[in-house]
Amino acid sequence: MGNEQHLNGNLRTLPHDRISLTVSLGGSGTFVVTGKSNDLDAMEQTAAERVFATVDPINYVLYLDGKARNAETLRAAAHDLTLWTDNRDLAEAYSLYADMTHSITGNVRLALTLTNVGIALDPRSTPPHMESLDASRDLGHDEDVLAQARAIAGLQQKDNVVSWRTGPGYAWVQQLGAVNRASETGDFANLSALPCRVYCSLASSALLHAEAFARLHDVVDAIGEITRAQTLGTTGAENAPVTPNANLAITQYFTDAAREDWKAAAVDAQHAADGLISDKSYPETLRSLRVQTQIAPLLAHALAATGNVVAAQKEIAVTPSDCYACLRERGNIAGIDKNWNGAAYWFARAVKAASSIPFAYADWGEMLLHKGDYDAAIAKFKLANEKGPHFADPLEMWGEALIGKNRSDLALAKFEEAAKYAPNWGRLHFEWGEAMFYAGERDEARNQFETAGRLDLSMADRIELAHLRGLHG
C-alpha cells in the first residue's frame, strides 16, 4: 500500500560467549540488544517489544498492561504524551495515561485531571469522555457522570483516531453513555429494555436489566433477569467497577429493597462490599474508594431502614463529602430518624452537588411527605420530575401528597403518569385505587386494588388494602 516499513537486522558474536542482536526499522530506529549466547530468545523478545513500541506506542501500553507489567505500563503511557503534536492523538494519549493511572495506581483524582486535559485538547474525541465518566463514577460525582454521558451522545465516530474509527470502541462507549443517561435520570423503564451487546456480556446485560426492574419496583421481572444471568454462568460486566459477585449482590440489594426487606438488603450490601474488597485485580485504594462511594450508601440506608440508625450513621460517616449518593443517604438517615432539619441540610448539599439528578429532590420530597408538609413535598417532587421526567417514584409520591391534601381527584393524574414508567409497582396501584376510592370511583378503585393484590406489597400496605376492600364491600 506504499506505507510498509522494512525490518532489517543482524546477529554478531562477541567475546566471552556473548552475542549482539541489532534490529533496524526502516533505517529510522535501530536497537541493539546484547546478552549471553543462550539468551537469544529473550533478546529477540526484547527487540520485538522495542520495535512494537516504536510502530504502535498506544497498543504497546495495552500490551504491557495485559502482561501486568505495571511500572513499565505507566512509564510507556507517560512517554506517549511526548510523541504527538496533533491534538486528537494527544487526547487519546492523555486518556490512555489516565486509564492506566486509574486502574494501576487507584489515584482516581489524578486520572480525572489527566483525562480532562484530553477533553480540553479535543472535545470531539471519544476516549477522554469515556475515561472522565468512569473516574467521575468512582468518585461519586453523579453530575459529572451525567454530563459526560450526555456529551458522549453527541460524539461522532469519524472524529476519532483511526483505531476508534474502525474498531468497536466507539459503539462500546455509546452504550456506556446510554446506560448512564438512563440510570442517572431515573429512566429505569428505558434501562430495563436498553440493548447492551457491546458494552455488556449477555449475563451482565441481564443483571443490568434486573436492577432496572428492581428500581421500577417490579420484583418478579427482576428475579427473572437475575436467574437468567446466573444461568448464563457469569455475572460480571467487562468494564464493571465491581467484581462479578459484587454485581450480583448489588442487584439483589435493589430487589430486596423493592420488597422492603431491609434486613436482607443489608446482608446483600455487605456481601457486595466483601466481594469488592477481596478482588485483588484492582489496587486497594481503588477498591476502598468504590466501597465508600457505591456500597456504603446502600448499606447505610438498609441499616437505617431496619431501625439501626446508629450503625447507619457510623457507616455513612466515613464516606467522602463530595459523593452524591453519600450526601443523599446522610439526608435519608436523618429523615428516618425524624431529624427533619438535619435531613434538609444534607439534601440541600446533595442537590447543590448534582442539581441535574432527580434522586435527592425525590428523597427530600419523601422526607417532607412523612413529615406531613405536603405542599413543600410537592414542590420537591415537581423538581425531581423536571430532572427525571420518566422517573416514576416522585410522580407516585406526588400523588400520595395530594391524597394527604384531600385532593384525590388531582392525584389520579399523577398515578396514571407514574404507571407509564412503572406498570408493575404494587404500591402505585394500591395508592391509585385509594385515590379512586376517595374520589368516588368505586369500580375503578376495585380494579386497581385487584391489580395491587397480585403484585408485591409491604405488609402494612396489604393490611390497608384489606381494610379498603372491606369498606368497598
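Q: Buried means under 20% relative accessible area, exposed over 50%, and partly exposed in between (1.4 Å probe, protein chains only), so which of these is Ser 278?
A: Ser 278 is partly exposed, because its relative accessible area is 49%. Keep in mind that this is a predicted model, where local features need pLDDT of at least 70, side-chain atom pairs count only at pLDDT 80 or more, and totals for chains, interfaces and linings use all residues. Residues are numbered from 1 along each chain as its sequence is written, and side-chain values use heavy atoms, leaving out hydrogens and water.

Q: Where is Ser 278 found?
A: In the loop between α14 (262-277) and α15 (284-305); helices here are DSSP runs of H or I with at least four residues, numbered from the N terminus. Ser 278 and Ala 246 are 32 residues apart in sequence, and their C-alpha atoms are 10.0 Å apart in space.

Q: New topic: Gly 331, buried or exposed?
A: Buried, because its relative accessibility is 0%. Gly 331 is part of helix α17 (residues 324-336).

Q: What is Gly 331 in contact with, leaving aside neighbours within four places in sequence?
A: Ala 343, Trp 346 and Phe 347, where contact means heavy atoms within 4.5 Å.

Q: How do the axes of α18 and α19 cross?
A: The axes of α18 (residues 340-353) and α19 (residues 359-371) come within 9 Å and cross at roughly 165°. That makes the pair roughly antiparallel, a label for angles over 145 degrees.

Q: And which residues make the contact?
A: On α18, Trp 340, Ala 343, Ala 344, Phe 347, Ala 348, Ala 350 and Val 351; on α19, Ala 360, Tyr 361, Asp 363, Trp 364, Met 367, His 370 and Lys 371. By class, that contact has 11 nonpolar, one polar and two charged residues.

Q: What about α6 and α7?
A: The axes of α6 (residues 126-139) and α7 (residues 142-153) come within 8 Å and cross at roughly 160°, so α6 and α7 are roughly antiparallel to each other. Their contact has six nonpolar, four polar and two charged residues.

Q: Last one: how far apart are the end C-alpha atoms of α22?
A: They are 21 Å apart, which agrees with the 20 Å that the 14 residues (408-421) should span at 1.5 Å a residue; that expected span is 1.5 Å times one less than the number of residues.

Q: What do the buried residues of α22 pack against?
A: They pack against α10 (188-191), α21 (392-404) and α23 (426-438). Among those buried residues are Leu 412, Lys 414, Phe 415 and Tyr 421.

Technical notes
Helix = DSSP H or I, 4+ residues; strand = E, 2+ residues; numbered from the N terminus. Axes fitted to C-alpha atoms, helices over the stretch in contact; angles between N-to-C directions. Parallel < 35°, antiparallel > 145°, perpendicular 65-115°, else oblique. Nonpolar A, V, L, I, M, F, W, Y, C, P; charged D, E, K, R; others polar.
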